[in-house]
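This report examines how parts of one protein chain pack against each other. Please view the sequence and the model before reading on.

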Amino acid sequence: MKLKPLSLVAGAIALTLTATSFAVNAQTASPSPLLLAQTPQKGRGAWKELGLTDAQKSQIQAIRRDSRTKMEAVFTPEQKAKLEAAKQARQAQRQAGQRQAGKRPGKGGYGDLNLTEAQKTQIRQIRESEKQQIQAVFTPEQRQKIEQYRQNAPSRRQQGNPQ
């Protein structure tokens with residue numbers, strides 16, 4: 001008879017420990033927007049399957065920081081203020097657990113900035129340069145995995161799996 005209450009207590013402790021670890025993972029799984037912008041998207045899409053080394057991750061972070069700095073230099077002070085306001089609004093929504101209908105998280109909101117054609121061209125050039133620099137960091141096998149992932153993207157979208 002003593003075995004039953006003991007097993008119930010042990011089960012309750014195991015359940016509590018498991019639930020606690022899930023709660024901690026849920027809190028740490030959403031890092032700050034700054035960290036998200038500086039690191040490859042772990043666990044999403046092809047990034048998780050590439051097996052990037054720490055050196056590659058560092059190089060990609062540096063490339064992205066450099067590109068972001070170059071893009072910020074393209075914007076006028078008014079455009080920078082609009083971007084900052086939009087960033088703060090997204091952070092507030094994220095903290096409230098809300099999501100804007102019809103907008104994908106993590107996408108840049110440059111459409112509201114009224115960019116000139118010259119600015120659009122500069123940003124396209126910066127992004128293309130960033131893409132080429134990041135491609136140069138990958139090994140041939142990693143490039144092949146990325147290409148396969150891109151080719152399979154339409155079928156994943158049709159299946160409802162946006163990874």
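## Two helices in contact

The axes of α6 and helix α7 (residues 140-159) cross at roughly 125 degrees and come within 8 Å of each other. Helices here are DSSP runs of H or I with at least four residues, numbered from the N terminus; axes are lines fitted to C-alpha atoms over the stretch in contact, with angles from 0 to 180 degrees between N-to-C directions. The two helices α6 and α7 are therefore oblique to each other, a class left over once angles under 35 degrees (roughly parallel), over 145 (roughly antiparallel) and 65 to 115 (roughly perpendicular) are set aside.

K131, Q135, A136 and V137 of α6 meet Q142, R143, I146 and R150 of α7, where contact means heavy atoms within 4.5 Å.

## Basis of the model

The model is predicted, so local features need pLDDT of at least 70 and side-chain atom pairs pLDDT 80 or more, while totals for chains, interfaces and linings use all residues. Residues are numbered from 1 along each chain as its sequence is written, and side-chain values use heavy atoms, without hydrogens and water.

## The nonpolar core

The largest nonpolar core has eight residues: L50, L52, I60, I63, I134, V137, F138 and I146. Such a core joins buried Ala, Val, Leu, Ile, Met, Phe, Trp, Tyr and Cys residues through side-chain atoms within 4.5 Å. Both α4 (54-74) and α6 give two or more residues to this core.

## A buried glutamine

Q119 lies in helix α6 (residues 117-137). Q119 counts as buried because its relative accessibility is 7%, and buried means under 20% relative accessible area (1.4 Å probe, protein chains only).

Definitions and conventions. Buried < 20%, exposed > 50% of the residue type's maximum accessible area, 1.4 Å probe, protein only.
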